[in-house]
Number of protein chains: 2
Amino acid sequence: MKIGILGTGIVGQTLGLRLIQLGHFVMLGTRDPSNLTEPKGRGPSARTLHSWLAEAGSKASIGTFREAVTHSELVINALSGAASLEVLNGVGEEHLNGKTLIDISNPIDVSRGFPLTLFVKDTDSLGEMLQRSFPNLRVVKTLNTMTAALMVDPKLVGSGDHTVFLSGNDIDAKVQVIKLLSELGWQDILDLGDISTARATEMMLAIGHAVAHALSPAEFAFKVVR
Amino acid sequence: MKIGILGTGIVGQTLGLRLIQLGHFVMLGTRDPSNLTEPKGRGPSARTLHSWLAEAGSKASIGTFREAVTHSELVINALSGAASLEVLNGVGEEHLNGKTLIDISNPIDVSRGFPLTLFVKDTDSLGEMLQRSFPNLRVVKTLNTMTAALMVDPKLVGSGDHTVFLSGNDIDAKVQVIKLLSELGWQDILDLGDISTARATEMMLAIGHAVAHALSPAEFAFKVVR
């Protein structure tokens, strides 16, 4: 499948590489596709798109945000929460209509630093904001409760015996996303319901950070035991 | 141990009964201790204090909120989040100083109905509010991420293989609470850090309700897999 990923940080690069290994074609969308030499993402795992392309091989490409959408059957939002709406507006509704968007971003209020706060929470969610802005885009919120490393390799923790959540209004889009999650190795995929349930997983940012701080540097994952 | 429980709803009654079965003395604190015949709590499990006393036996008693505090070595806040501060103010700081308070309540904004919203969230927590109001009360937030049935019987789900969180500033109080949680059957007790980490578990109300809705009527529990 042709997959477009918006955002070239750790999440975009990690997901892109893994999806290519699984046989997909991936275009990373970025603000300036000509800039291949600036390290993307933060911290020691930041790398340039030049280095990413060299590793990813012939099924990988770099384009504008709009190109990543128009060239793809499925789009992944790996942007920061704060940038998501602006970038999608720049892509244009006519290019987004009918597409499935996997929304991984969280509405972190970057202006406030630590402890992390959210710019929407129990009365709205970023997933809902995107769905409201583009009614014919099929938004599916998922994978937003974990690190990039865990998204693409659930077996990293507890032999993969833990849970990924899913929220969205469109059943066909959810089926499509569940298939992709299965390819990534996910076994326990819990459909929470419509896109308003994205509030619940976005608000898990707080417990995610608290647990990460308490267990650091151990990897961990959330499981819904039942 | 002598334990005082503030609040006579399902949580207070369920915890009280179990703690008595474990050998403790329990006084339930309530607004009007003379009213033993009004059903407490909501739904089919609501029962009167008369019925509760009959089952709980000679180690059980009913008193005012203040009596439940002054007669006890350990206090449990099983009130609604909205009522908690007012009731503790009524008890009086001089009676609370030096006591350990297990805070189970969540800051649900009852004025707004469903979907549930919180009156404090990512910038503050009810646990912190109580701790700020009574600096010499030793507030430990725990058990607030699950149903009353699960609090007292972790084995109800997944043979008890799941997690209870703990937040608080006072190490001795946390040790005391960990001992009590162990008595209740808890094996995976995760200390998140100081009382500000109560924000994280209080915000889990949203994922708790979303999962409950998705799995209803199945029981479930959260586990931090690592």
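A:Lys141 and A:Glu202 form a salt bridge in this predicted model, and their closest N and O atoms are 2.6 Å apart. The term salt bridge is used here for a side-chain nitrogen of Lys or Arg within 4 Å of a carboxyl oxygen of Asp or Glu. The pair links distant parts of the chain, since A:Lys141 belongs to strand S6 (residues 138-142) of chain A and A:Glu202 to helix H9 (residues 198-203) of chain A, 61 residues apart. Helices (H or I, at least four residues) and strands (E, at least two) are DSSP runs, numbered from the N terminus. Side chains of opposite charge can pair when their charged atoms come close. Over all chains, a search of the whole structure finds 24 salt bridges.

Residues are numbered from 1 along each chain as its sequence is written, while chains are lettered from A and ligands numbered from 1 in the order in which they are written. Because the model is predicted, local features need pLDDT of at least 70 and side-chain atom pairs count only at pLDDT 80 or more, whereas totals for chains, interfaces and linings use all residues, and side-chain values use heavy atoms, with hydrogens and water left out.

Between chain B and chain A the count is 2 salt bridges. B:Lys121 forms a salt bridge with A:Asp122, and here the closest N and O atoms are 2.8 Å apart. The contact between the chains takes 35 residues from chain B and 35 residues from chain A, where contact means heavy atoms within 4.5 Å. About 2,600 Å² is buried between chain B and chain A, and carbon and sulfur atoms give 74% of that area. Buried area is the accessible area (1.4 Å probe) that two parts lose on being put together, summed over both.

Helix packing within the chains comes next. Two packed helices are described by the angle between their axes and the distance between the axes. The axes are lines fitted to C-alpha atoms, for helices over the stretch in contact, and the angles run from 0 to 180 degrees between N-to-C directions.

| Helix pair | Crossing angle | Axis distance |
|---|---|---|
| H1 (residues 10-21) and H2 (residues 49-56) of chain A | roughly 15° | within 10 Å |
| H1 (residues 10-21) and H2 (residues 49-56) of chain B | about 15° | 10 Å |
| H4 (residues 81-91) and H6 (residues 126-133) of chain A | roughly 5° | within 11 Å |

With axes that cross at roughly 5°, H4(A) is therefore roughly parallel to H6(A). Angles under 35 degrees count as roughly parallel, over 145 as roughly antiparallel, 65 to 115 as roughly perpendicular and the rest as oblique. In this pair, A:Gly81, A:Ser84, A:Leu85 and A:Leu88 in H4(A) meet A:Leu126, A:Met129, A:Leu130 and A:Ser133 in H6(A). The residues of this contact divide into 5 nonpolar, 3 polar and no charged. Ala, Val, Leu, Ile, Met, Phe, Trp, Tyr, Cys and Pro count as nonpolar, Asp, Glu, Lys and Arg as charged, and the others, Gly among them, as polar.

In the H1 and H2 pair of chain A, A:Gln13, A:Gly16, A:Leu17 and A:Ile20 in H1(A) meet A:Leu49, A:Trp52, A:Glu55 and A:Ala56 in H2(A). The residues of that contact divide into 5 nonpolar, 2 polar and 1 charged.

Some backbone details lie in loops. A cis peptide bond joins A:Ser216 and A:Pro217, with omega at about 5°, and A:Pro217 lies in the loop between helix H10 (205-215) and strand S9 (221-225) of chain A. In chain B, the peptide bond from B:Phe114 to B:Pro115 is cis, with omega near -10°, and B:Pro115 lies in the loop between strand S5 (100-103) and helix H6 (126-133) of chain B. B:Leu143 is not a glycine, yet its phi is positive, at about 65°.
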